[in-house]
Amino acid sequence: MFLLPLSLIAGISGSPSPSPSPKALILAETVNGGSASQEAVAAQNAGFEVVVVDATTWSAMTQAEFAVYRVLIFGDPSCSSVQQTVFDTASTWVPVVMGTAVHVVPGNRILIGTDPVFHSQPGGIKLINDGVAFAGNLPGRTGLYFDATCDGYDHNAGLVGLLTQLSIGTGSWTENVSPPCAGTVGQVATHPSFADLSSGELQGWGCSVHETFPTFPDDWNALFVATDTESHPTCGTDPSTAQTVCGEAYILIAGTGITVTSPDISLTPAEATNPVGTSHTVTAHVSLNGAPVSGQLVTFTVTGQNNGVSGTCGNGSDSAPYPGPRSAAASDCTTNGVGDISFTYHDNNGAGDDTITASFTDGNGTKQQATAIKHWTGGSPCDSDSTNPTITAPADTVVDGNIDGSCGANVDPGTPT
């Protein structure tokens with residue numbers, strides 16, 4: 001008599017084996033404590049199998065090896081500059097995160113310009129937990145949790161270049177390495193992963209903000225801004241206070257499921273679901289002090305499953321391809337008399353999620369934007385096809401009715417389509 005392992009018994013009986021846990025990979029020199037670090041604990045709490053490797057192992061890894069992991073983690077080793085290994089190996093791991101190698105589309109990404117581990121405030125711990133969960137919540141992709149730590153104290157000129165590689169939108173990165181350290185902050189975007197985090201929990205740390213990013217490509221969104229900076233290039237509505245806040249971004253996220261609401265632009269529907277292979281239309285509305293703004297140029301971008309897809313935009317009277325060449329007046333891409341402009345695009349990449357962003361630059365030079373979430377679900381596009389069919393008849397056929405002398409003829413009219 002002998003005993004079989006339960007897993008083998010389950011396999012023999014036909015019961016499915018449990019699915020392996022998704023994996024998180026941590027570069028050891030970027031965290032404090034290795035497998036006991038706050039970032040590792042956060043990954044474990046999010047259900048990841050955590051692997052911590054040293055710089056030598058990391059540097060020898062291939063793109064296929066990186067792609068095994070749902071999230072790559074560069075943490076905060078007690079307020080120091082970004083480790084050189086991160087830059088030296090970027091040509092290998094960045095294409096995996098951005099979907100240009102192994103994967104088809106980019107993973108979620110978060111960039112943090114402060115040191116939540118060093119402060120160990122409750123809000124900092126939430127930021128780590130939520131950030132890791134956000135970066136790794138897309139199956140079939142590799143996300144990135146990237147804490148730029150205290151880059152403002154020991155500025156690394158390569159950071160902007162690396163962030164450029166981690167971007168696919170239009171616009172450029174700039175970094176402010178010496179923002180006001182006290183850091184009053186405001187939240188300007190939402191995502192389910194950050195539902196338990198508010199702006200009040202990320203200030204009052206003694207030094208809440210270490211570097212800010214006044215400008216950034218439009219496939220990224222500011223999650224929190226430092227509101228006491230000299231410039232205020234990014235505005236939004238803080239969900240915890242319902243107040244408009246403006247400042248320089250210091251925590252940014254890129255990926256799917258992000259909602260941004262600015263005071264003067266909205267996007268509807270805010271969330272929608274369509275079968276794969278169909279088209280979707282959103283409408284942006286621009287206003288100022290409640291009054292619609294006509295003639296305002298609005299930019300639309302799509303990130304996620306259909307990243308970078310082109311579409312058409314129209315102001316209610318006509319439409320033209322967008323993005324791409326437009327008429328000199330660009331009337332098709334500006335708001336109409338009631339402040340509206342629509343954008344339509346087609347799903348080309350199957351099931352998945354998109355984030356649609358509509359943005360404009362106001363008279364103060366501040367970029368305002370709103371986002372909508374689009375879910376593409378499996379199934380035939382015909383499931384939702386409500387268009388009446390068009391029937392085309394065969395061409396006319398002319399015959400002699402007495403061709404065989406019997407005052408009659410057989411006629412094949414052809415097949416309609």
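Does cysteine 181 count as buried or partly exposed, and at what relative accessibility? I opened today's notebook page with that one, and cysteine 181 comes out as partly exposed, at 30% relative accessibility. I keep in mind that this is a predicted model.

**Entry 1: the overall count.** I looked up the disulfides and found three in the structure. Counting the bonded cysteines along the chain, I noted the pattern 1-2, 3-4, 5-6.

**Entry 2: cysteine 79 and cysteine 150.** I checked the sulfur atoms of this pair, and they sit 1.7 Å apart in a disulfide. About the S-S bond I read -110 degrees, a left-handed link.

**Entry 3: cysteine 181 and cysteine 207.** Back to my opening residue. Cysteine 181 is joined to cysteine 207 by a disulfide, S to S 1.6 Å. I noted -120 degrees about the S-S bond, which is left-handed. The pair links distant parts of the chain, 26 residues apart. I placed cysteine 181 in the loop between helix 9 and strand 6 (185–187), and cysteine 207 in the loop between strand 7 (189–190) and strand 8 (220–226). Cysteine 181 is partly exposed, whereas cysteine 207 counts as buried because its relative accessibility is 8%, under the 20% cut-off.

**Entry 4: cysteine 235 and cysteine 246.** I found the sulfur atoms of this disulfide 1.9 Å apart. With 105 degrees about the S-S bond, the link is right-handed. Cysteine 235 lies in strand 9 (residues 234–237) and cysteine 246 in strand 10 (residues 244–254), so the bond ties together parts 11 residues apart in sequence. How do the two partners compare in accessibility, buried or partly exposed? I read 8% relative accessibility for cysteine 235, so it counts as buried. Cysteine 246 is at 22% and therefore counts as partly exposed.

**Entry 5: two further cysteines.** I finished with cysteine 313 and cysteine 333. Cysteine 313 is buried, with a relative accessible area of 1%. Cysteine 333 counts as buried too, at 1% relative accessibility.

Definitions and conventions: Residues are numbered from 1 along each chain as its sequence is written. This is a predicted model: local features need pLDDT of at least 70, side-chain atom pairs count only at pLDDT 80 or more; totals for chains, interfaces and linings use all residues. Side-chain values use heavy atoms; hydrogens and water are left out. A disulfide is a pair of cysteine sulfur atoms within 2.5 Å. Helices (H or I, at least four residues) and strands (E, at least two) are DSSP runs, numbered from the N terminus. Buried means under 20% relative accessible area, exposed over 50%, partly exposed in between (1.4 Å probe, protein chains only).
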